[in-house]
Amino acid sequence: MRVGFVGWRGMVGSVLMERMRAENDFAGLESVFFSTSNPGGAAPKVAGGDPLLKDARDLAALASMDAIITCQGGDYTSAIHGPLRGRGWKGWWIDAASTLRMAPGSVIILDPVNRKVIERAIKEGKKDYIGGNCTVSLMLMALGGLFERDLIEWLSSMTYQAASGAGAENMTELMKQMAFLAGECQQVMADPAASALDMEKQATAALRGGHMPTEKFGAPLAASLIPWIDRAVEHGQTREEWKGSAETNKILGREDRPIPVDGLCVRVGSLRCHSQGFTLKLRKALPPAEVAEIVKGANPWVRLVENTKEATLAQLTPAAVSGKLEVPIGRLRPMLLGPEYYTAFSVGDQLLWGAAEPLRRMLGILRGG
Ligand code: HSE
């Protein structure tokens, strides 16, 4: 299989490369690396890899691939996918960008949750396989068991999204904001006579002073948060919030009888883990032990965390989960609202299950895995 990689140097692309190397995915592939900026340069060394970078805008070169995996972003997809299909290319297009997600001919891939939907699409001859929004994918990895049994009447997810979801430069800006804040407060923190309120005044003045780097986020994120992600759409939602319902139901293959999903999406000062607080209305009252069994049996990556302070602090934080494929879900309990209502909290690595992992697994499915 001849596979072209585009956008392999960016943040999601780098995580994809790392995972593919770790799983020995390159063995048996003819890998060709494309570049928008440096065609002719040296390609990364992988088993069976072409030594030189090809031009990512060369449609003829792209059209000689059996599959293309792109993490290059939506602008690249918009510019290349149409013309490539237009010239009759019938290969597999595997994409991390959101551009094609809702197109009727494309499938949103999250195989531990929708393997059947993917397999049906392959049989039907569909060729475009697109990674889902990170919060949606991580929510479905955590709650897949309840969805599979069609036990969820509706779901509200309040998110706590990491800087990585906004991009590599945003992640860097968050760290710069933290460093700036620490610098501004250094003196007051070193002064034994200063109170916590003195420190807070200094920090708040720094947050509002206009000198903190905020070019990417548009506001301070360090020591603060931003309850707005992406652009406004209808009904007062942001596009990130709209994706919750649209993508969940497309992934599950139930756009004809959608489960309502809605909530607020919030950017917080986490580096690469998205967290979410769920409110679930089940279709019927179920005992907590049964709900717990269903949740933890959904796939090999979901981990049910005991609803104790000790377990929560040790296992259910972005600090504990970053860089891991496990998707812990905890704080699971019935709510006082009524016997059908449950709450839970989950944390997941935005760059793994939220972005890169479904792409490499899709390639594995196409290779017969
Ligand atoms: N839209 C997500 C975010 C990125 O801003 O966190 C992953 O889909």
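What volume does the second largest pocket have? I started my notebook there, and the answer is about 420 Å³. A reminder to myself before going on: this is a predicted model.

**Entry 1: the second largest pocket**

I looked up what surrounds this space. The second largest pocket is lined by 19 residues, and I noted Val113, Lys116, Phe147, Glu148 and Leu252 as those nearest its centre. Helix 4 (111-123) and helix 5 are the elements that give two or more residues to this lining. Helix 4 has the largest share, with seven residues. By class, I wrote down seven nonpolar, five polar and seven charged residues for the lining of the second largest pocket.

**Entry 2: the largest pocket**

Next I turned to the largest pocket, which holds about 970 Å³ of space. I found 44 residues in its lining, and the closest to the centre are Val12, Gly73, Ala96, Gly165 and Gly167. Several helices and a strand give two or more residues each to the lining of the largest pocket, among them helix 1 (11-22), strand 2 (30-35), helix 3 (74-86) and helix 6 (168-190). Helix 8 and helix 12 (352-366) also belong on that list. The lining of the largest pocket divides into 14 nonpolar, 21 polar and nine charged residues.

**Entry 3: the cavity**

How many cavities of 30 Å³ or more does a search of the whole structure find? I got one. Helix 8 gives the most, with four residues. The lining of the cavity has four nonpolar, seven polar and three charged residues.

I then traced an open sheet of seven strands, in the order 3-2-1-4-5-7-6, with parallel pairing. Why is one side of strand 3 and of strand 6 left without a neighbour in the sheet? Strand 3 (54-55) and strand 6 (106-109) stand at the edges and have a single partner strand each, so one side of each has no neighbour there. I also checked one pairing inside the order: strand 4 (residues 67-70) and strand 5 (residues 92-95) run parallel and are joined by four bridges. Ile68 has Trp93 in strand 5 as its bridge partner.

**Entry 4: a patch on the surface**

I went over the surface and picked out a nonpolar patch formed by Met158, Tyr160 and Leu264. Together these residues have about 280 Å² of accessible area. I placed Leu264 in the loop between strand 9 and strand 10 (265-267).

**Entry 5: salt bridges**

Side chains of opposite charge can pair when their charged atoms come close. My count for the structure is 21 salt bridges. I followed one of them, between Asp25 and Arg360, where the closest N and O atoms are 2.6 Å apart. Which parts of the chain does this pair link? They are distant parts: Asp25 lies in the loop between helix 1 and strand 2, and Arg360 lies in helix 12, 335 residues apart.

Key:
Residues numbered from 1 in each chain as written. Predicted model: local features only at pLDDT ≥ 70, side-chain atom pairs only at ≥ 80, totals over all residues. Heavy atoms only, no water. 1 Å grid on protein atoms, 1.4 Å probe; cavity = no way out; pocket = protein on both sides within 12 Å on 5 of 7 lines; lining within 4 Å. Points joined across faces, edges and corners; volume = space filled by probe spheres on them. Nonpolar A, V, L, I, M, F, W, Y, C, P; charged D, E, K, R; others polar. Patch = residues over 30% accessible without salt bridge, like charges linked within 9 Å, V, L, I, M, F, W, Y side chains within 5 Å. Areas by Shrake-Rupley, 256 points an atom, 1.4 Å probe, with all protein chains shown as cover. Salt bridge = Lys/Arg side-chain N within 4 Å of Asp/Glu carboxyl O. Pairing = 2+ DSSP bridges.
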